[in-house]
Amino acid sequence: MPSGMIEIDLELCKDCQLCISVCPHKLIEPSERLNQKGYRFAQFTEKNMKKEGKKCSGCSLCAIVCPEIAIEVYRG
Ligand code: SF4
Ligand code: SF4
């Protein structure tokens, strides 16, 4: 299975949660914290999910739906 990782620019995020809804492995969730504009930014949770064997495939769905172009995808 292909592997990847993402980086989310928290200051660009506007909490629309589209990336959260499309990730097939449920690897993105809202943060407990706010960015400088007051949005609860999305965060990549793969480190927390490793136990359950959930791994980013680098499918780019999250980056494609993000209206703020806040997500960068890296493929391994
Ligand atoms: S690239 Fe795909 S698997 Fe990885 S976080 Fe984005 S939607 Fe999820
Ligand atoms: S799709 Fe983009 S703007 Fe929307 S929650 Fe995800 S990172 Fe933030």
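1. The shell around ligand 1 holds 16 residues, of which Cys23, Cys56, Cys59, Leu61 and Cys62 come nearest; a residue is near a molecule if its C-beta atom, placed from the backbone, lies within 6 Å of it. Strand 1 (4–8) and helix 3 (61–65) are the elements that give two or more residues to this shell, where helices (H or I, at least four residues) and strands (E, at least two) are DSSP runs, numbered from the N terminus. By type, the shell around ligand 1 has 11 nonpolar residues, 5 polar and no charged; here Ala, Val, Leu, Ile, Met, Phe, Trp, Tyr, Cys and Pro count as nonpolar, Asp, Glu, Lys and Arg as charged, and the others, Gly among them, as polar.

2. The model is a predicted one, in which local features need pLDDT of at least 70 and side-chain atom pairs count only at pLDDT 80 or more, while totals for chains, interfaces and linings use all residues. Residues are numbered from 1 along each chain as its sequence is written, and chains are lettered from A and ligands numbered from 1 in the order in which they are written.

3. Ligand 2 is surrounded by 14 residues, and the closest are Cys13, Cys16, Cys19, Ala42 and Cys66. The shell around ligand 2 divides into 10 nonpolar residues, 1 polar and 3 charged.

4. As to the overall fold, the chain has 3 helices and 4 strands, and from the N terminus on its elements run β-α-β-β-α-α-β. The radius of gyration of the chain, taken over C-alpha atoms, is 12 Å, close to the 11 Å that the globule rule (2.2 Å times the number of residues to the power 0.38) gives for 76 residues, so the chain is as compact as a globular protein of that length. Along its principal axes the C-alpha trace spans about 35 × 25 × 20 Å.

5. Of the 76 residues in the chain, 18% are buried; a residue is buried if 20 or more other C-beta atoms lie within 10 Å of its own, exposed if 12 or fewer, and partly exposed in between, with C-beta atoms placed from the backbone.

6. Cys62 is found in helix 3 and counts as buried because it has 24 C-beta neighbours inside 10 Å. Leaving aside neighbours within four places in sequence, Cys62 is in contact (C-beta atoms, placed from the backbone, within 7 Å) with Ile6, Cys19, Val22, Cys23, Ile28 and Ile71. Cys62 and Cys19 are 43 residues apart in sequence, yet their C-alpha atoms are 4.4 Å apart in space.

7. Two residues of the loop between strand 1 and helix 1 deserve a look at their backbone. Most residues other than glycine have a negative phi. Asp15, which lies in that loop, has a positive phi near 60°, and Gln17, also placed there, has a positive phi near 70°. Asp15 is partly exposed because 16 other C-beta atoms lie within 10 Å, and Gln17 is partly exposed with 14 such neighbours inside 10 Å.

8. Pro24 sits in the loop between helix 1 (18–22) and strand 2 (28–30), and it counts as exposed because it has 11 C-beta neighbours inside 10 Å.

Note on methods. Contact = placed C-beta atoms within 7 Å.
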